[in-house]
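Thank you all for coming.

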Amino acid sequence: MAQNPMISVVVPMYNEEEVIDVFFEAITPVLRSLTDNYEIICVNDGSSDMTLPKLIAARNNDPAIKIVDLSRNFGKELALTAGLDFATGDAVVPIDADLQDPPELITEMVQKWRDGADMVIAVRSDRDNDGWFKRKSAELFYRVAGRLSDTGIPDNAGDFRLMDRKVIEALRAMPERTRFMKGIFAWLGFKQAEVTYARPKRAAGTTKWKFWKLWNFALEGIFSFTTLPLRIWTYIGFAVSVIAPAYGSFIVVRTLIFGNDVPGYASTITLILFFSGLNMLGLGILGEYVGRVFMEVKRRPLYLVREAIGLELEKEER
């Protein structure tokens, strides 16, 4: 490993004007203490506030700050992908701008990387500064996703981690259009290590992750990395195919023995509604997968870059 390695920090940003100055004040001393060969790649994900002008002003003071300005808002997963595509470092660290991922933890990550780890994952040991709903929903998501997915996703691990160059190159070889980065990181494997930290409050601004966005993100994570929801319906169909003849036989025998009493309208409607609901739910799950196939076969670029400041645009837009 080089004595003075190149470290790339990738920061997706969407309407983060309130936190930009504080973020650079916190992360720049940490990087300078590690190496004089670093870059901070800020991906402006179609912000509608002063995020881009403030990034340009920050770059005027520090040329190590580089900017990828996307043509519109593509979402955090694709903004992160863009930043990783442009990163040139021997080690690459994705991090959020709100400082809930402590920059000082990068020092410990780099040490574990020097000790031989290809990927160093930052795991949240304490989320008391998150709201109750966010803590509980995150706990439920990691439990469900971990059990459904063929690839184990570490509990309470976000995008904040350090990845060796070989990991980044393996990641760039993955062409899928619907991207759940936490699942992709877990799928990559390689030699891993962990560091733990207590998650602090946002340094400024407000979270962009509202309920509906979190719900869609959770669905993306589940449907992108396992076919178990489809397989479950095979088992449900088998169970119904066994129960239905058994129940039908019971009705026949009961009628032969006790006669035919007045048919129950309520029970009939209940059964119809129940099995209609099962059919609709099954079609909905099937539709989630068909929709993802539809997006994949279009082969559109993952993102479009309006301008790259301090970077070469020779990188392909994927």
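Helices (H or I, at least four residues) and strands (E, at least two) are DSSP runs, numbered from the N terminus. This is a predicted model, in which local features need pLDDT of at least 70 and side-chain atom pairs count only at pLDDT 80 or more, while totals for chains, interfaces and linings use all residues. Residues are numbered from 1 along each chain as its sequence is written, and side-chain values use heavy atoms, with hydrogens and water left out.

Let me begin with the cavity, meaning a set of points on a 1 Å grid over the protein atoms alone where a 1.4 Å probe fits but cannot get out, with lining residues having an atom within 4 Å of a point. Strand S1 (7-13), helix H3 (76-86) and strand S6 (157-164) each supply at least two residues of the lining of the largest cavity, and that lining includes Val-10, Lys-76, Leu-80, Asp-159 and Phe-160.

Now to helix H1, where Thr-28 is found. Is Thr-28 buried or exposed? Thr-28 is buried, with a relative accessible area of 9%, where buried means under 20%, exposed over 50% and partly exposed in between (1.4 Å probe, protein chains only). A polar atom of the Thr-28 side chain lies 2.8 Å from the backbone oxygen of Phe-24. Leaving out residues up to four places away in sequence, Thr-28 touches Tyr-38, Ile-40 and Asp-62, contact being heavy atoms within 4.5 Å. Ile-40, with neighbours within four places set aside, is in turn in contact with residues including Val-9, Phe-23, Leu-31 and Ile-65.

Technical notes
1 Å grid on protein atoms, 1.4 Å probe; cavity = no way out; pocket = protein on both sides within 12 Å on 5 of 7 lines; lining within 4 Å. Polar contact = N/O pair within 3.5 Å; in protein donor to acceptor, adjacent residues only side chain to side chain.
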